[in-house]
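Here is my note on the model, point by point. Please read it with the structure open.

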Amino acid sequence: TGSGTEVVEHGVTGLAVEHTTEAWVAALGGLIDGRSRLREMGERARERIEKFYSVNSQREKYASLFQD
């Protein structure tokens, strides 16, 4: 369905963070000094979106519903 928990794999495609100020500060603080990690997570997130949520992948999923 594309909800955040389906899209974000914590530490791989992004960060899943509790909705508290402390959690956000800790998560963002870890990214400030880790630009390469941030870039890698962004690249993995893009790959995941293209694989599972792009127009082409959605078209294939819908087409499979109408096959035997």
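**Notes on the predicted model**

1. Arg-46 and Glu-50 form a salt bridge, with the closest N and O atoms 3.1 Å apart. The term covers a side-chain nitrogen of Lys or Arg within 4 Å of a carboxyl oxygen of Asp or Glu. By this rule the count is one salt bridge. Both Arg-46 and Glu-50 sit in helix H3, four residues apart, about one turn of the helix.

2. Arg-46 counts as exposed, at 57% relative accessibility. Glu-50 is partly exposed, at 43%. The cut-offs are under 20% relative accessible area for buried, over 50% for exposed and partly exposed in between (1.4 Å probe, protein chains only). Buried residues make up 15% of the 68 residues in the protein chain.

3. This is a predicted model; local features need pLDDT of at least 70, side-chain atom pairs count only at pLDDT 80 or more, and totals for chains, interfaces and linings use all residues. Residues are numbered from 1 along each chain as its sequence is written, and side-chain values use heavy atoms, leaving out hydrogens and water.

4. The protein chain averages a pLDDT (the predictor's confidence in each residue, from 0 to 100) of 87. Confidence is lowest in helix H1 (residues 4-7), at a mean of 72, and highest in helix H3 (residues 35-53), at 91.

5. The protein chain has four helices and zero strands. These are DSSP runs numbered from the N terminus: helices are H or I, at least four residues, and strands are E, at least two. The C-alpha atoms fill a box of roughly 50 × 25 × 15 Å, taken along the principal axes.
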